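I have opened my notebook to look up a few side chains and the contacts they make. Here is what I am working from.

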Amino acid sequence: MLRSRINAIMAEADETIRRFGFVLPPLAYWTPEEFQRQQGRGRIVSARMGWDITDYGAGNFDRMGLFLFTLRNGSLNELRRGGGMCYAEKLLISRQDQLSPMHTHIDKVEDIINRGGATLAVQLYGSGMAGGFDDNIGGIVERDGIAHDFAPGEVLRLEPGQSVTLRPGDWHAFWGEGGDVLIGEVSTVNNDLTDNIFRDSIGRFAAVEEDVAPMHLLVSDYDTWLR
């Protein structure tokens, strides 16, 4: 993705989030220079909190992509120990007909919440042998806290305020239907480096072409820009 496009998406997302009554934390507005000055003073970088914009390496953000901002994120060590900061929270924006492709997680349990906008369409499959994708298997999820049996490939349609709880092995893809959707994600500790298992051979992060300077850093920039 062009850095200029990423900068534009950040500005548009900030405006959308504010329109729904949310405000991003101060770290959202740090320049790369401020990030460098803040290094070592907290856990923002190690927890990979911040901006996350991806086209899944496919090169067509409008067709397949997602905006995310990790607001808070706990510790995998504490999660595995069974106590401490074991939770994470994100805001996402799924644009109309923009696919977040079929995937599941090894460890993460997540509530996906329609915070406002249009309908959030979530397609579901169960797991086959060893947790692999199987287009013949359904399963059970919680929809607004109530058990829901889903057929393989069923599409749940979540209106603003509605949510679905997804556990490891619940394969899912989602998109905005009829317009853009602001999504909340409340989950156990988030680990985007190794915990996303995609059905198809795609990447989790975008390759960035530096045509302009970054307005703000992405979480995927931390390893190179803050080395």
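**A loop residue, then salt bridges**

I started with Met129, which I found in the loop between strand 5 (110-125) and strand 6 (139-143). I kept in mind that this is a predicted model. Is Met129 buried or exposed? Met129 is exposed, because its relative accessible area is 79% and the cut-off for exposed is over 50%. I also looked up Gly117: Met129 is twelve residues from Gly117 in sequence, and their C-alpha atoms are 37 Å apart in space.

Next I turned to charged pairs. Side chains of opposite charge can pair when their charged atoms come close.

The side chains of Arg3 and Asp221 form a salt bridge, with 2.9 Å from N to O. Arg3 sits in helix 1 (residues 3-19) and Asp221 in the loop between strand 11 (196-198) and helix 4 (222-225), so the pair links parts of the chain 218 residues apart. Both Arg3 and Asp221 are buried.

Arg5 pairs with Asp62 in a salt bridge, and their closest N and O atoms are 2.9 Å apart. Arg5 lies in helix 1 and Asp62 in the loop between strand 1 (50-54) and strand 2 (66-73), so this pair ties together parts 57 residues apart in sequence. Arg5 is partly exposed at 31%, and Asp62 is partly exposed at 44%. I noted that Arg5, Glu12, Asp62 and Arg95 are linked in a network of salt bridges.

Last, I checked Arg48 and Asp223, whose side chains meet in a salt bridge at 3.9 Å, N to O. Arg48 is buried at 17%, whereas Asp223 is exposed at 52%.

Terms used: Residues numbered from 1 in each chain as written. Predicted model: local features only at pLDDT ≥ 70, side-chain atom pairs only at ≥ 80, totals over all residues. Heavy atoms only, no water. Helix = DSSP H or I, 4+ residues; strand = E, 2+ residues; numbered from the N terminus. Buried < 20%, exposed > 50% of the residue type's maximum accessible area, 1.4 Å probe, protein only. Salt bridge = Lys/Arg side-chain N within 4 Å of Asp/Glu carboxyl O.
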